[in-house]
Amino acid sequence: MNESYDLVVIGGGPAGLAAASTAARAGLATVLFDENPGIGGQIYRGITANPVRNRAILGEEYWAGTALAAEAKASGATIVNGATVWSLDASLAVGVSVAGRARTIQARRVIVATGALERPFAIPGWTLPGVMTAGAAQTVLKAQGLLPNGRTVLAGSGPLLWLLAAQMLRAGARLEAVFDTTPPLNWSRAALYLPDFLLSPYFKKGLALMREVKRRTKVRAARHIEAVGTDKLREVVVDGRRIPSDLLLLHQGVVPNVNLAIAAGIDHRWDARQLCFVPVLDADFGSSVPGIAVAGDGAGIAGGTAAAERGRIAAIAAVRALAPDAAVPDPQSARQRLQREELGRAFLDELYRPPKALRRPEGGTIVCRCEEVTAAEVRKTAQMGCEGPNQMKAFLRCGMGPCQGRLCGLTVTELIAEERGRTPDEVGYYRLRPPVKPITLGELASLPASEAERRAVER
Ligand SMILES: Cc1cc2nc3c(=O)[nH]c(=O)nc-3n(C[C@H](O)[C@H](O)[C@H](O)COP(=O)(O)OP(=O)(O)OC[C@H]3O[C@@H](n4cnc5c(N)ncnc54)[C@H](O)[C@@H]3O)c2cc1C
């Protein structure tokens with residue numbers, strides 16, 4: 001690795017891969033950092049070394065990632081895996097750790113393509129052993145080719161829930177049932193956006209997935225889900241019905257992974273339709289911090305194909321800024337493809353809008369898993385006058401653990417908003433500072449203290 005690059009891309013999913021390829025092919029010195037052992041991000045996880053031999057299990061859409069990965073590898077970009085970016089600031093200095101050694105890399109432009117995370121799904125018992133997210137089970141399937149072998153229940157809502165159910169059933173997993181928590185009223189809200197949805201690629205894909213799952217296992221509507229057990233999950237209670245279970249997989253949609261972007265000082269706003277915070281961006285995905293763009297699902301949820309187009313558009317803007325004479329594709333065609341991909345998004349956002357009850361827990365339900373802070377504690381502290389999540393941190397330590405608020409941030413914001421009669425935008429989100437990912441003191445200490453020391457280390 002050099003100590004400086006024209007473009008640093010953070011994240012090896014479709015957005016990052018497309019951005020790195022586009023920029024490197026146009027001649028920019030480009031490096032891509034991704035914390036995973038291989039490139040692919042969430043949707044194409046393990047694409048370069050996938051243990052799942054039967055292609056039908058993961059579906060053709062997954063294998064479409066092979067071309068994107070090959071393109072990035074052939075583009076001339078430096079791709080560094082096992083590289084965790086823990087800091088990014090307005091001077092475009094990137095703090096990264098590789099194999100236990102920390103470094104600061106200087107960039108002229110940065111594209112943050114850190115993707116999405118699963119929305120918190122704080123229900124009673126969600127911290128029990130035997131309760132995981134659907135995305136975690138899919139990660140294990142894609143990266144290790146492993147399936148759960150006990151009595152497994154899937155619960156929640158959103159495209160990923162149906163996709164994982166289909167993938168697990170194709171692979172031979174036993175699913176006791178799928179409990180769909182999509183509120184029936186959401187269909188009427190979504191109907192407004194149906195015409196666009198019918199024209200989008202999601203319609204046929206989604207319908208086929210739902211039909212496949214309903215043909216192969218029980219699908220039931222559900223409103224209230226609870227995980228029960230003392231030492232581990234023993235039963236899932238769905239609207240009062242008790243189902244003996246060994247594994248409960250929860251999912252209620254994905255939201256932008258905002259931690260690095262917020263810690264870099266990028267402005268964010270509340271997106272009332274996607275019920276999450278999104279960065280404030282221009283038409284080229286440029287952010288409020290000059291020189292930093294945010295592409296992919298980190299810019300708002302739109303899916304893998306849209307993520308790649310956003311990466312291309314952001315990279316073309318970086319090339320045009322740094323090497324105006326370089327040959328780059330016309331961004332217009334990427335914009336048109338992006339528009340087509342985003343066509344069905346509004347329908348999906350409205351249809352899979354998680355119900356308040358599953359976003360705003362009550363009582364003893366744990367909200368902050370790291371610090372074991374309950375919903376009752378957050379609500380009571382808000383009633384006592386706590387205005388925002390950063391004050392809540394000081395009172396209850398929520399958001400101060402290893403996940404840095406990734407698993408509780410949205411819940412805490414929504415609970416404060418509800419208790420104080422304000423909007424999530426008014427309440428705001430945690431103030432985040434580097435390191436945004438845990439690093440050891442040894443890594444920090446390994447950082448060269450001066451330019452001279454750096455040169456000595458590099459030699
Ligand atoms: C668990 C999960 C599973 C999903 N599975 C699917 C699926 O099967 N099909 C589908 O259509 N959509 C899926 N999605 C939706 C997914 O968000 C998009 O489809 C698509 O992957 C978004 O692409 P992206 O490039 O924006 O980000 P991602 O694909 O999420 O890639 C971002 C990459 O950045 C890495 N990263 C994040 N922070 C750092 C850091 N600080 N340092 C270094 N690396 C970092 C991440 O580990 C990840 O590899 C999934 C989402 C989640 C959360």
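These questions and answers go through a predicted model.

Me: Why is S87 called buried?
Reply: Its relative accessibility is 12%. Buried means under 20%. The value falls under that limit, so S87 counts as buried. S87 lies in strand β4, residues 83-88.

Me: What is S87 in contact with, leaving aside its neighbours within four places in sequence?
Reply: S87 is in contact with A93, V94, G95, L260 and P434. Contact means heavy atoms within 4.5 Å.

Me: What makes the bond between P434 and P435 a cis peptide bond?
Reply: Its omega is about 0°. Most peptide bonds are trans. P435 lies in the loop between α17 (424-427) and α18 (441-445).

Me: Which residues touch the most other members of the largest nonpolar core?
Reply: They are V8, I10, F33, L88, V110, I111 and I292. This core has 95 residues. Helix α11 (residues 304-322) gives the largest share, 9 residues.

Me: What does I10 touch, not counting residues up to four places away in sequence?
Reply: I10 touches F33, V85, L88, V94, V110, I111, V112, A113, T114 and L260.

Me: Which residues are the closest to the ligand?
Reply: The closest are D34, E35, V85, Q138 and D297. In total, 32 residues surround the ligand. By kind, the shell divides into 12 nonpolar, 15 polar and 5 charged residues.

Me: Which elements each supply at least two residues of the shell around the ligand?
Reply: They are α1 (14-25), β4, β7 (116-118), α5 (134-144), α6 (159-170) and α11.

Me: How much of the ligand's accessible area does the protein cover?
Reply: On its own, the ligand has 970 Å² of accessible area. The protein covers 93% of this area.

Me: Is Q274 buried or exposed?
Reply: Q274 has 9% relative accessibility. The limit for buried is under 20%, so Q274 counts as buried. Its place is in the loop between β17 (268-271) and β18 (276-279).

Me: What does the side chain of Q274 make a polar contact with?
Reply: Its partner is the side chain of D349, at 3.1 Å. Beyond four places in sequence, Q274 touches R119, G300, I301, R345 and D349.

Me: Why is E372 called exposed?
Reply: The relative accessible area of E372 is 58%. E372 lies in the loop between β20 (366-368) and β21 (373-374). Its phi is positive, about 50°, although E372 is not a glycine. Most residues other than glycine have a negative phi.

Me: What makes R397 partly exposed?
Reply: R397 has a relative accessible area of 40%. Buried is under 20% and exposed is over 50%, so 40% falls in between. The place of R397 is in the loop between α15 (389-396) and α16 (409-420). Phi of R397 is near 70°, a positive value in a residue other than glycine.

Key
Residues are numbered from 1 along each chain as its sequence is written. This is a predicted model: local features need pLDDT of at least 70, side-chain atom pairs count only at pLDDT 80 or more; totals for chains, interfaces and linings use all residues. Side-chain values use heavy atoms; hydrogens and water are left out. Helices (H or I, at least four residues) and strands (E, at least two) are DSSP runs, numbered from the N terminus. Buried means under 20% relative accessible area, exposed over 50%, partly exposed in between (1.4 Å probe, protein chains only). A nonpolar core is a set of buried Ala, Val, Leu, Ile, Met, Phe, Trp, Tyr and Cys residues joined through side-chain atoms within 4.5 Å. A residue is near a molecule or strand if one of its heavy atoms lies within 4 Å of it. Accessible areas come from the Shrake-Rupley method with a 1.4 Å probe; for residues, only the protein chains shown count as cover. Ala, Val, Leu, Ile, Met, Phe, Trp, Tyr, Cys and Pro count as nonpolar, Asp, Glu, Lys and Arg as charged, and the others, Gly among them, as polar. A polar contact is a pair of N or O atoms within 3.5 Å; within protein, one must be able to donate a hydrogen and the other to accept it, and residues adjacent in sequence count only if both atoms are side-chain atoms.
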